[in-house]
Amino acid sequence: MQQPTLGTSTRAGGEVVLRAHATDDVPHLVRMLGHQDVNRWVSGPPVPFGADDARAWIASRGPAWERDDGTEWSWMVDLDGVPAGQLGLRPRGDGAIEVGFLLGTHAWGRGAMSAALREAARWAFRSRAEGGADAQVLHWKALVGNWDSRRVAWACGFRVEGLVRGLLSHRGQPLDGWTASLRRGDPLRAVVPWFDVPEVEVGDMLLRANLPADAERIVQACSHPSTRQWLADLPDPYTPAEARAYLASVAELHAVGGALHWAVTDAGAPDRLLGQVALNGLGHGVSTTGEVGYWVHPDSRGRGVATRAVRAASRHGLLALDEGGLGLRRLLLRAAEGNRASCAVARKVGFTEVGRDRDGVGTHRGAVADHLRFDLLAEEMDAAWAHPSSLR
């Protein structure tokens, strides 16, 4: 098979070209694969990756196309005339092809690889008569935690099927991996939203995305008896590993449009976690209702943290899409009947009590309690927060 040169552009107008490897690419490959932020996610190339390794790799690319034996088809990817990365397709022989790619750090955040992957997918799905590979499905795999690679696949319409333990061999060890697929005929664009966490200032507070360093304060809060009284499903003991798993689950929910979580902090000390607030149940971006959840660290209670955080999160959820919000029609908030502080937050923010779920929540030491249900409609938002109680 003769290697095609493919051209496309990023959504910002950058020129992207997929072309054959050349001897001039040696320093670019060495620089890309020598960078720790790239090298940590790839397993095949030797470490360290030197000029001789790059020359051997380049020399093998042309013959792989000429043999057309299904080993691998690969391109260098240029962005605006400068080598930016490389992309490969590994046929399985049954109409399925695995994609792989890497991008130099100098080109991150510019849309080069998602544009290249879309163009490579178009070529792969063409029939042999049309000069393509006659693929039926493309598969993407990556080590868990490689969010940059996952974001590229997401932007091109790949659907993440899940996490497989020990899926990938990395430096001789089986590590957990994500897997996703794109079928012929699927749209080459994201099919679910990926929620980026907006920073929201609320007086002297800042709502931001969670950081790994938040784990310590999460452990403290979720181990405290006053928290566990109303969140009986928390693991016991609540360890740093549990906190890290929670943060990973939050990132996963954002990536599939399932929820939007904020860390609540002091604006003057944003590294210190005061609590968490979330909009849950967003249904991959198609739901018109979300559910508010929140907790506050025991040493930060009694100063209106929850009230202000819930109000800010609720506003973002109910605000129209063209105004920067999520465009939800309704928010639900549930609190145990005996949790007076949580119920008071709902009322202060302007939620209306609309019912109860009998024995709807487990409490500490196996007891159960009724859940009180509150809701807030988008058209009620401004009126609810004009009331003096909502400003405290």
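The stops that follow concern charged side chains and their partners.

This is a predicted model, in which local features need pLDDT of at least 70 and side-chain atom pairs count only at pLDDT 80 or more, while totals for chains, interfaces and linings use all residues. Residues are numbered from 1 along each chain as its sequence is written, and side-chain values use heavy atoms, with hydrogens and water left out.

Select R308 to begin; this residue belongs to helix α9, residues 305-318 (helices are DSSP runs of H or I, at least four residues, and strands are runs of E, at least two, numbered from the N terminus). R308 counts as buried, at 16% relative accessibility (buried means under 20% relative accessible area, exposed over 50%, partly exposed in between; 1.4 Å probe, protein chains only).

Next, turn to the salt bridges, of which the whole structure holds 25 (a side-chain nitrogen of Lys or Arg within 4 Å of a carboxyl oxygen of Asp or Glu). Select D214 and R208, whose closest N and O atoms are 2.9 Å apart in a salt bridge. D214 is buried at 1%, and R208 is buried at 6%.

Finally, select R347 and E353, which form a salt bridge at 2.8 Å, N to O. R347 is partly exposed at 44%, and E353 is partly exposed at 39%.
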